[in-house]
Amino acid sequence: DQQVEGVDFFDTYAPVVAWSTVRLLLILSVILGLATKQVDYTLAFVHADLQDDVYVRMPKLFEKPGHVYKLKKSVYGLRQAPLNFFLFLKEGLEARGFVQSEYDPCLFVSDKVICLCYVDDCLFFAKEEADIDEVIESLRGPEPTKFDLNIEDDVAGFLGILMNRRNEGFIELTQTGLIDRILK
């Protein structure tokens, strides 16, 4: 909370997929019958190594006069943490055959799977669910780009929007939680 832009950090960026990209992929998933899976990266920001030297005071009860900690990994609260995680995620996806879109930097495409990124949530699309499962398992290991992640329900709840697939061949999007909070 004491970082100064231009001194302690220079670049900040949170990977946020464009809504037009999300809508397009949802439409394609209905038309083409694509399988979808959502993953959430557990403690996402601490996966990434720091690009810069960052020092922090030692926590109370662990203090040693004249000493500070030098962080090896990003932590939540660092202004550059989302960028560091995104670069780590990008490296991991590219190592697995994904190519970043030049139109939306949070869209990655491989031969069989499409990935949308929104900070530490990713939504995968593929013709076959097994292809998504294969990508997810590869993301869990091996090093150097190994991720701790949880598989969420299909596309339900992506970015706080409930998405329900209907038998009639469409997806219903609702934000009742947000609406309820606004009304209160």
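Colleague: How many helices and strands does the chain have?

Modeller: The chain has 4 helices and 10 strands, counted as DSSP runs from the N terminus (H or I for at least four residues in a helix, E for at least two in a strand). Read along the sequence, their order is α-β-β-β-α-β-β-β-β-α-β-β-β-α. This is a predicted model, in which local features need pLDDT of at least 70 and side-chain atom pairs pLDDT 80 or more, while totals for chains, interfaces and linings use all residues. Residues are numbered from 1 along each chain as its sequence is written, and side-chain values use heavy atoms, with hydrogens and water left out.

Colleague: What percentage of the residues in the chain is buried?

Modeller: Of the 184 residues in the chain, 38% are buried, a word that stands for under 20% relative accessible area, whereas exposed stands for over 50% and partly exposed for what lies in between (1.4 Å probe, protein chains only).

Colleague: What share of the contacts with a separation of 6 or more comes from residues 24 or more positions apart?

Modeller: With a contact taken as heavy atoms within 4.5 Å, residues 24 or more positions apart supply 61% of the contacts in the chain that have a separation of 6 or more.

Colleague: How do you know what helix 2 should span, and what is the distance between its end C-alpha atoms?

Modeller: Helix 2 covers residues 81-95, and its 15 residues at 1.5 Å each should span 21 Å, since the expected value is 1.5 Å times one less than the number of residues. The end C-alpha atoms of helix 2 are 21 Å apart, so the two values agree.

Colleague: Which residues in helix 2 are buried, and what covers them?

Modeller: The buried residues in helix 2 are A81, P82, L83, N84, F85, F86, F88, L89, G92 and L93. Their cover includes strand 1 (35-41), strand 4 (99-100), strand 5 (107-109), strand 6 (113-118), strand 7 (121-126) and helix 3. Helix 2 is followed by G97, whose phi is positive, near 90 degrees.

Colleague: Why is D133 called partly exposed?

Modeller: D133 lies in helix 3, and its relative accessibility of 29% is the reason why D133 counts as partly exposed. The C-alpha atoms of D133 and K37 are separated by 8.6 Å, although these residues are 96 residues apart along the chain.

Colleague: Where does L43 lie, and why is L43 called exposed?

Modeller: L43 lies in the loop between strand 1 and strand 2 (55-57), and its relative accessible area is 54%, which means that L43 is exposed. Phi of L43 is near 45 degrees, a positive value in a residue other than glycine.

Colleague: What is the phi of V119, and which loop holds V119?

Modeller: V119 is not a glycine, yet its phi is positive at about 55 degrees, and V119 lies in the loop between strand 6 and strand 7.
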